[in-house]
Amino acid sequence: MASTGPSQSLKRPDSSLTRGDQLIITPLGAGNEVGRSCVYMSYKGKTILFDCGIHPAYSGMAALPYFDEIDPSTIDVLLVTHFHLDHAASLPYFLEKTTFKGRVFMTHATKAIYKLLLSDYVKVSKVSVEDMLYDEQDILRSMDKIEVIDFHQTLEVNGIRFWCYTAGHVLGAAMFMVDIAGVRVLYTGDYSREEDRHLRAAEIPQFCPDICIIESTYGVQLHQPRHVREKRFTDVIHSTISQGGRVLIPAYALGRAQELLLILDEYWSNHPELHNFPIYYASPLAKRCMAVYQTYINSMNERIRNQFANSNPFDFKHISPLKSIENFNDVGPSVVMASPGGLQSGLSRQLFDMWCSDKKNACVLPGYVVGGTLAKTIINEPKEVTLMNGLTAPLNMQVHYISFSAHADFAQTSTFLKELMPPNIILVHGEANEMGRLKQKLITQFADCNTKIISPKNCQSVEMYFNSEKMAKTIGRLAEKTPEVGETVSGLLVKKGFTYQIMAPDDLHVFSQLSTANVTQRITIPYTGAFGVIKHRLKQIYESVESLPDEESEVPAFQVHERVTVKHESEKHISLHWTSDPISDMVSDSIVALVLNISLEIPRVVVESEAIKTEEENGKKAEKVIHALLVSLFGDVKLGGNGNLVISVDGNVAHLDKQSGNVESENEGLKERVRVAFQRIQNAVKPIPASVS
Amino acid sequence: MGTSVQVTPLCGVYNENPLSYLVSIDGFNFLVDCGWNDHFDPSFLQPLARVASTIDAVLLSHPDTLHLGALPYAMKQLGLSAPVYSTEPVYRLGLLTMYDQYLSRKQVSEFDLFTLDDIDSAFQNVTRLTYSQNYHLFGKGEGIVIAPHVAGHLLGGTVWKITKDGEDVIYAVDFNHRKERLLNGTVLESFVRPAVLITDAYNALNNQPSRRQRDQEFLDVILKTLRGDGNVLLPVDTAGRVLELMLILEQYWTQHHLNYPIFFLTYVASSTIDYVKSFLEWMSDSIAKSFEHTRDNAFLLKHVTLLISKSELEKVPDGPKIVLASMASLEAGFSHDIFVEWATDAKNLVLFSERGQFATLARMLQADPPPKAVKVTMSKRVPLVGEELAAYEEEQERIKKEEALKASLSKEEEMKASRGSDNKLGDPMVIDTTTPPASSDVAVPHVGGLRDILIDGFVPPSTSVAPMFPFYENSSEWDDFGEVINPEDYVIKDEDMDQATMQVGDDLNGKLDEGAASLIFDTTPSKVISNELTVQVKCMLVYMDFEGRSDGRSIKSILSHVAPLKLVLVHGSAEATEHLKQHCLKHVCPHVYAPQIGETIDVTSDLCAYKVQLSEKLMSNVLFKKLGDYEVAWVDAEVGKTESGSLSLLPLSTPPPSHDTVFVGDIKMADFKQFLASKGIQVEFSGGALRCGEYVTLRKVGDASQKGGGAIIQQIVMEGPLCDEYYKIREYLYSQYYLL
């Protein structure tokens, strides 16, 4: 992950010694800008992408987030907060035209509207074919890949646990909480803590996240109270209409438009004198989205649900749909709500061009206006504007900016953060200046709380280190007694997702779906010699060679090293019998090798001659060997008193007790070497004891 | 060391009575389900009454009477005041079900167990959760997490998972693993090895035909009746399985362009469908998908007309039609009235889509062969007029006082009466009559049949499979002159039989329904007039299993897959419970309990557990091996203490002690055969063993059958002479395992 610019890294105070695991957050879009929200996060090998939007001010590839910064195939989960174009519109591209193969989640309502909105976007956006990021078919295909998640529903994918909270903003908008190995990250998306006509306010999560990635659209601005805004809105419209003017409301087709329509419809109902003036909702989606709004009332607030019990509040009485400008009979005062909200193109722009030079008319901008769009330009009320046909025209119409965009303002943001108190705050989705001001203000506010506030630019990675404590649960037989400090615990450590369990092998099948197996092996070897020879030879290698009682195995048999049973099956065959494990396999291999050797040697071997040696003889022989080997290693080896050996090397003297293996010497180095050498020699000359494995 | 878990059934074990169980987890008392049946017999709630005040939380699983019917009564009369948890549809549809129950009852009796206000206030306490939402309890229940999961069966139906300290207690009754039109199958199978599983044995002895076949038969029998100019009555629940039936009919009607009208008649039909429309996210994937693609809400019903009163139905021109009406038990509600009206016509069909509740009219009619005639009580609410009204106002106070006394007296009488009628209807003697079942033949002289029915004396109903509680029907009515008596009851039946049947028709022609419905809401004094009459059952009676529960075989396979450490069986006839218990003891786990009512069983797991911290130093040396979802490693560690005083595991300072090698993994011979074949080794099965190459054989001994708590350790025997191949195959075999 390349990070451009000075990389800002920070460590938690407790991770100053061990660095812990690195968590990387990189905005691929919406870093110090508004639009193309896309935030990349990676921790412990798990990768998540939040949102996948486009920048409304650009077109074609330029509108995409910086996907080339990441490898799409490594992303496990993609979470989309809501259906707005700047949060969801590059999804078809990302799903269909990249190597992405993870899973995508959004809420039910978001998914339903996503399709409507994007199909419309594809139709409306007037770009050349090669600039098209995707077509209708891609959207349809992407629908099959999108999975749904309900609010509060906890899902787990590859050990990543996540769930979502209501975010306000628009229907179906969600804030995602992601939990990877105990580290929680909250991504708010666009949210609003204010309840409006149909939406609930954003919830405050019950858990404090370690990192909060939060929007900063409105920076340090404060919203007017809702009823004041509503009054300004209706007043402007009322006065314009009554003076014979036309009102244009450029708004995104879905989302905030529904709120405005609710306001207008209610206002018209209360003002019979306005009934002669038509309100048009010029969106091809108007009718189609109705079903969606009717269905997902459970995502809305109590007020609208109670209303719904009587009649459908989205069944507007005073608002008529308008399909296109051709069907529009522009004869007198009217109110038209048209998309897109930024006046980039489409119907809202066509109407704007028609109406902008008449000073009786008004244009009400009801939402956040994205930098780079015409709407942003006219807020500053320039003298002239450029029309779509390239001509310039005087801007005489009144422009009002009354925000209903349901983004949190500073008051909401700061109370939200105060409730949560996340140790790390990352600001995204805000213009650089606004974001800077918000950052400063938050820094002063959280000065005494050790809170880190970061506002990375696009593609600028934020690295953090978390030393997540790994807890394991010891269960079953292994846990019959809680051990004291200093005791040892041995068992299987089983990891699933990020949960650990320690258990005895026998319990494995009880507590997991895994099972254990025993592999018993039986191998037959042709052998025509005397059975006793094998046993004798083996005794020289292994200390434990025990004859098995005849009644158990009918044929002569013995067990080597307490593991492998050798049986004299017939005159021509012997068989080996053992339960597989690395040591037994090795023992059996050595037996096989030995038997094969004997078979080769047989003509030359005289069994009797080597047969019985007394213990004493063996001992003497061993001592000779030891002595000879020590001489070859150290040179000067003499017999001392009490059966000790005196070894002198370069003036240093060591005394070796042959019985116990104790070495005494003033030189530590020599002492250690002699001790090790003696131990190894002893191991070599004596048969392998059964206890060593 | 483990979490203490106790289960006490309060109702609904060893029989098919409503469900209600007390599950206490470390002293925190959950009441899971709070059911009642269509008789609303308070004696069922005796055990609940004793513990109601100690309950800390109520979990509801399904939106029908059997699972939540007693909630308003328990809240009002029994001192239950705990918070209630359910999914949104269970809350909403449960509320509507209770409304419907109340309105149906009120229409025909002086129903006073609870009022609409009681229902509202009971449901006010409900906290609504979504599927797989982990809800952390606080206060007394600190540390307990509850989560609803998809159960199938009914919309919003829930399998509850209660977790404390990593131990799961799962309550799963009436689940359905099959995916249907309306709902996805249950996710019960995804829970593996919970500490305790509480499930029902209701369907343990039932097996179902395939869905396709069943649907076809269902539609065939309906269409046959309609084409024969008959009416079809489907007694249904208020807001449960009826939704699935409606989808089936809608779909079929659309596909085949049928015009026969379909009516959905309950007191709350239109609100039910309105709310159901907004529960799309709780339904099956295919419904959600079709909405996303075409924005066609599956419940924008094109062929089903919603009705909320019977007079609306009467306005419909004559002709074949389908009516889905509540209650499924035929004990009350529109289905009761319509049944009485239609039963006498052999062209008509009454199609039961679920087993009737025990000792209800529906259950009697489902007996094989069905009874030839049944005795029913027709009741009607009429406003008081003239003198009666005056008298009413005068004596209202007095009546109130006396009512209590009278009611107790009348109950005794009623009890006798109802028992008597039950006996007659379930009387096996009816079977002896040489007449074939009414459904197949109409031309039977009914007088003869009736005589047999009237044989008196106590004979247990043939349908009874368990001891039953005495059944009181609250149908005895009082007016100013005392108990309303039906003179016909005192006339020798042989003679007036025909009259009685005729009178049914007369009565139902009355146009009082609409007024009666409105009466419920206003306070106009009114009274209920009821009369008993005998209905000739000539119409066709069919029962088809649309209950949407997993059948016996599937239950068994799901249980052995879930393989709980301890299993508690509830709800189901004694036979079924015993059968499932024996099966599970053999194949699922050694700890199977089937407690009696009021019997507290302790299912605290004997599992020992303690928590340790894994130190970073230790973990950096652990090499995990990946096996499916799991990663395993062998650890040898020394116990230490962290700063906070909890145990932690540190690396050993001394060389680790040796341990027996563990082979982790599970090989299937068939898979291994393919694997070897892919490696170019000739393999074939012969005599239960796998012959690899020329000489080597592999055998599995003590096949890993499910026994006593999951798979036992696999034993694999490998035999062969000393040769290269032997070692090669051994290497391949080892590659299938992880050696630790």
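In this predicted model, strands β32 and β33 (residues 644-649) of chain A pair in the antiparallel sense, and four bridges join them. One position to look at is Val637(A), whose bridge partner in β33(A) is Ile647(A).

This pair belongs to an open sheet of four strands in chain A, which run in the order β32-β33-β34-β35 with antiparallel pairing. The edges of the sheet are β32 (636-639) and β35 (663-665) of chain A; each has a single partner strand, so one side of each has no neighbour in the sheet. From one strand to the next, the twist averages 20°.

A helix also packs on this sheet: α19 of chain A, spanning residues 668-685, touches β33, β34 (652-657) and β35 of chain A. The direction of α19 makes about 35° with that of β34(A).

Elsewhere in chain A, two helices can be taken together. Helix α3 covers residues 108-124 and helix α4 covers residues 136-145; their axes come within 9 Å and cross at roughly 170°. Angles over 145 degrees count as roughly antiparallel, and α3(A) and α4(A) are therefore roughly antiparallel to each other.

Which residues of α3(A) and α4(A) make the contact? From α3(A) come Lys111(A), Tyr114(A), Lys115(A), Leu118(A), Ser119(A), Val122(A) and Lys123(A). On the side of α4(A), the residues are Glu136(A), Ile139(A), Leu140(A), Ser142(A) and Met143(A). Sorted by class, the contact of α3(A) with α4(A) has six nonpolar, two polar and four charged residues.

Note on methods: Residues are numbered from 1 along each chain as its sequence is written. Chains are lettered from A and ligands numbered from 1 in the order in which they are written. This is a predicted model: local features need pLDDT of at least 70, side-chain atom pairs count only at pLDDT 80 or more; totals for chains, interfaces and linings use all residues. Side-chain values use heavy atoms; hydrogens and water are left out. Axes are lines fitted to C-alpha atoms, for helices over the stretch in contact, and angles run from 0 to 180 degrees between N-to-C directions. Angles under 35 degrees count as roughly parallel, over 145 as roughly antiparallel, 65 to 115 as roughly perpendicular and the rest as oblique. Contact means heavy atoms within 4.5 Å. Ala, Val, Leu, Ile, Met, Phe, Trp, Tyr, Cys and Pro count as nonpolar, Asp, Glu, Lys and Arg as charged, and the others, Gly among them, as polar. Two strands pair if DSSP finds at least two bridges between them.
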